[in-house]
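Please keep the sequence and the coordinates at hand.

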Amino acid sequence: LTGQIRTGPAPGQQELAEGTNTIPLTMSLGPAPPAGNVEVVGFLQGQETNRVFQCGFVRPLEVVPPSSAPQLPTLTTAEQVHRLTRKESEKGYPARIRGVITCDAPELYYGSVIQDQTRGIYLFWGNPNQPQVLPNRRPRFGEYWEIEGTTAPGGFAPTVQAQSMTCLGEGQLPEPLNPSWDQLLSGGLDTQLVQIQGIITGVETNGVTFLTHGGKIRIDFDPALAREMRRHVNSLVRLRGCVL
């Protein structure tokens, strides 16, 4: 039985109490019983209302309080993270994902996009006010990484806040999607690698105006590609990149 040993109603008597239930207790001579919750081993004597518990052994019982919250499962794909509602992502689900870096644009500052076999997801790995979790540099486009962290709501869709990151070498880029105009504008392809075809009608410092069958769209690019882009003004080209 388990409970607490306390003084009984009769002089020199002890009893075992658990909640509102009590039973008279007899113990062999020895050291004082431990305080608090205990576990007692013995046998019952007497019958019906005259039962007494004959205690032969007693030891403290460690009471483990129940957890205040259920254990959250570990998410292992980008799709599982993406499907979370904003309220769910705020709970900080543990996440462990392996994938290829499909966007490492400097304008993402302390983040990248990682894509596994299911889809892409935004990965936040540091800010100026906390130590970065990267080994020594930011991830590079096309590298294969393993990340561990927790989910966060993000500015547009659920993201992963990295707690540890490991570069596993060069990766193989996934096949890009070929979206329609409506799919590009819907926001549903956020953080996805896509391929679009059209005509470059104008080039600026870090972007081009791209004319497709559906209409014009702004394409951002690394300034290092400006010269290459200018070579293809008024040409039909195919571009691959990450939708943000």
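Leaving aside neighbours within four places in sequence, which residues is isoleucine 147 in contact with? The model is a predicted one, and in it isoleucine 147 touches Ala95, Arg96, Ile97, Ile114, Leu123, Val160, Ser164 and Met165.

**Nonpolar cores**

Isoleucine 147 belongs to the largest nonpolar core, a set of 17 residues. Within that core, the members that touch the most others are Leu75, Val81, Ile114, Leu123, Ile147, Val160 and Met165.

**Overall form**

The secondary structure consists of 4 helices and 14 strands. The C-alpha trace spans about 105 × 35 × 30 Å along its principal axes. What radius of gyration does the protein have? The value is 33 Å, whereas a compact globule of 244 residues would have one near 18 Å.

Of the 244 residues, 35% are buried. Take the contacts between residues at least 6 apart in sequence: 50% of them join residues at least 24 apart. The accessible surface comes to about 15200 Å². Carbon and sulfur atoms account for 51% of that surface. On the charge side, there are 20 positive and 22 negative side chains. The centres of the two sets lie 6 Å apart.

**Separations in sequence and in space**

| Pair | Apart in sequence | C-alpha to C-alpha |
|---|---|---|
| Threonine 22 and arginine 6 | 16 residues | 9.8 Å |
| Alanine 10 and glutamate 170 | 160 residues | 80 Å |
| Proline 34 and glutamine 161 | 127 residues | 47 Å |
| Threonine 26 and glycine 171 | 145 residues | 72 Å |

Start with threonine 22, which sits in strand 3 (residues 21-27). Its C-alpha atom is 9.8 Å from that of arginine 6. Beyond its neighbours within four places in sequence, threonine 22 is in contact with Arg6, Glu15, Leu16 and Ala17. Its relative accessible area is 43%, so it is partly exposed.

Threonine 26 is also found in strand 3. Where are its contacts, once neighbours within four places in sequence are left aside? Threonine 26 touches Val52, Phe53, Gln54 and Cys55. Glycine 171, by contrast, lies 72 Å away, C-alpha to C-alpha. With 29% relative accessibility, threonine 26 counts as partly exposed.

Alanine 10 is placed in the loop between strand 1 (2-7) and strand 2 (14-18). The distance from alanine 10 to glutamate 170 is 80 Å, C-alpha to C-alpha. Alanine 10 is partly exposed, at 32% relative accessibility.

Proline 34 lies in the loop between strand 3 and strand 4 (37-45). With neighbours within four places in sequence set aside, proline 34 is in contact with Val58, Arg59 and Pro60. Glutamine 161 is 47 Å from proline 34, C-alpha to C-alpha. Proline 34 counts as partly exposed, at 24% relative accessibility.

Threonine 191 is not a glycine, yet its phi is positive, at about 65°. This threonine 191 is in the loop between helix 3 (181-186) and strand 11 (193-203). Asparagine 234 is not a glycine either, and has a positive phi of about 65°. Its place is the loop between helix 4 (226-231) and strand 14 (236-242).

Is threonine 191 buried or exposed? Threonine 191 is buried, because its relative accessible area of 3% falls under the 20% cut-off. Is asparagine 234 buried or exposed? Asparagine 234 has 62% relative accessibility, which is over 50% and therefore exposed.

Definitions and conventions:
Residues are numbered from 1 along each chain as its sequence is written. This is a predicted model: local features need pLDDT of at least 70, side-chain atom pairs count only at pLDDT 80 or more; totals for chains, interfaces and linings use all residues. Side-chain values use heavy atoms; hydrogens and water are left out. Helices (H or I, at least four residues) and strands (E, at least two) are DSSP runs, numbered from the N terminus. The radius of gyration is taken over C-alpha atoms; the globule rule is 2.2 Å times the number of residues to the power 0.38. Buried means under 20% relative accessible area, exposed over 50%, partly exposed in between (1.4 Å probe, protein chains only). Contact means heavy atoms within 4.5 Å. Accessible areas come from the Shrake-Rupley method with a 1.4 Å probe; for residues, only the protein chains shown count as cover. Lys and Arg count as positive and Asp and Glu as negative; His and the chain ends are not counted. The place of a charge is taken as NZ of Lys, CZ of Arg, CG of Asp or CD of Glu. A nonpolar core is a set of buried Ala, Val, Leu, Ile, Met, Phe, Trp, Tyr and Cys residues joined through side-chain atoms within 4.5 Å.
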